[in-house]
Amino acid sequence: MKRNSSHTASDEAGNYHEVVFDQQQQIRVHLEGDDWARMDYYLEGRVMTITSTRIPESLRGKGYGQVMMECILPLLEARQWQLIPRCSYVAHYLQSHSRWQHLIKTAGL
């Protein structure tokens, strides 16, 4: 059985967050206290389909969705994974940040 994979990543403000790839096809990012953001996905080869994201209700509206993306995307880029964003938040984020658009899987590739 595979074990969880844990990394430390920083957001654009230079704050460090623990990022955990767990066995339930989730990536969790530690935000503050006992609160974690969550990204659900499934992986086929090097293509990750992101199906949903979740920020704890008490932290919504405080920019933690962006923090989650800033911590996760560099790790996915380093693994050379392509993304299919089924989650509307992730699709919007990728479209709004040209730096990450090269990660989006295009048809036929």
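**A buried helix and its surroundings**

Helix H1 buries Tyr 64, Gly 65, Val 67, Met 68, Met 69, Glu 70, Cys 71, Ile 72, Leu 73, Leu 75 and Leu 76. Buried means under 20% relative accessible area, exposed means over 50%, and partly exposed lies in between, with a 1.4 Å probe and protein chains only. In all, 11 of the 15 residues of H1 are buried, so the helix is largely enclosed by the rest of the structure. An α-helix has 3.6 residues a turn, so residues three or four places apart point the same way.

This is a predicted model, in which local features need pLDDT of at least 70 and side-chain atom pairs count only at pLDDT 80 or more, while totals for chains, interfaces and linings use all residues. Residues are numbered from 1 along each chain as its sequence is written, and side-chain values use heavy atoms, with hydrogens and water left out.

H1 covers residues 64-78. From its first C-alpha to its last it reaches 22 Å, close to the 21 Å expected at 1.5 Å a residue. That expected span is 1.5 Å times one less than the number of residues in the helix.

Now the whole chain. The protein has two helices and six strands. Helices (H or I, at least four residues) and strands (E, at least two) are DSSP runs, numbered from the N terminus. Read along the sequence, the pattern is β-β-β-β-β-α-β-α. The radius of gyration is 13 Å, close to the 13 Å that the globule rule gives for 109 residues, so the protein is as compact as a globular protein of that length. Here the radius is taken over C-alpha atoms, and the rule is 2.2 Å times the number of residues to the power 0.38. Along its principal axes the C-alpha trace spans about 45 × 40 × 25 Å.

Burial extends to 39% of the 109 residues of the protein. Contact means heavy atoms within 4.5 Å. Among contacts with a separation of 6 or more, 39% join residues 24 or more positions apart. The protein exposes about 6500 Å², and carbon and sulfur atoms supply 45% of that area. Accessible areas come from the Shrake-Rupley method with a 1.4 Å probe; for residues, only the protein chains shown count as cover.

Charge comes next. The protein carries 12 positive and 12 negative side chains, and the centres of the two sets lie 8 Å apart. Lys and Arg count as positive and Asp and Glu as negative, with His and the chain ends not counted. Each charge is placed at NZ of Lys, CZ of Arg, CG of Asp or CD of Glu.

Arg 60 sits in the loop between strand E5 (47-54) and H1. Its relative accessibility is 48%, so Arg 60 counts as partly exposed. Leaving aside neighbours within four places in sequence, Arg 60 is in contact with Arg 54 and Ile 55. Asp 22 is 38 residues away along the chain, and its C-alpha is separated from that of Arg 60 by 23 Å. Glu 57 also lies in the loop between E5 and H1. At 64% relative accessibility, Glu 57 counts as exposed.

Most residues other than glycine have a negative phi. Gln 80 lies in the loop between H1 and strand E6 (82-85). Its relative accessibility is 60%, so Gln 80 counts as exposed. Arg 46, 34 residues apart from Gln 80 in sequence, is 7.1 Å apart in space, C-alpha to C-alpha.

Gln 25 has a positive phi too, near 55 degrees. It is in the loop between strand E2 (16-21) and strand E3 (26-32). Gln 25 is partly exposed, with a relative accessible area of 36%.

The other helix is H2 (residues 88-96), where Tyr 89 lies. At 30% relative accessibility, Tyr 89 counts as partly exposed. Not counting residues up to four places away in sequence, Tyr 89 touches Thr 53, Gly 65, Gln 66, Met 68 and Met 69. Val 67 is 22 residues apart from Tyr 89 in sequence and 13 Å apart in space, C-alpha to C-alpha.
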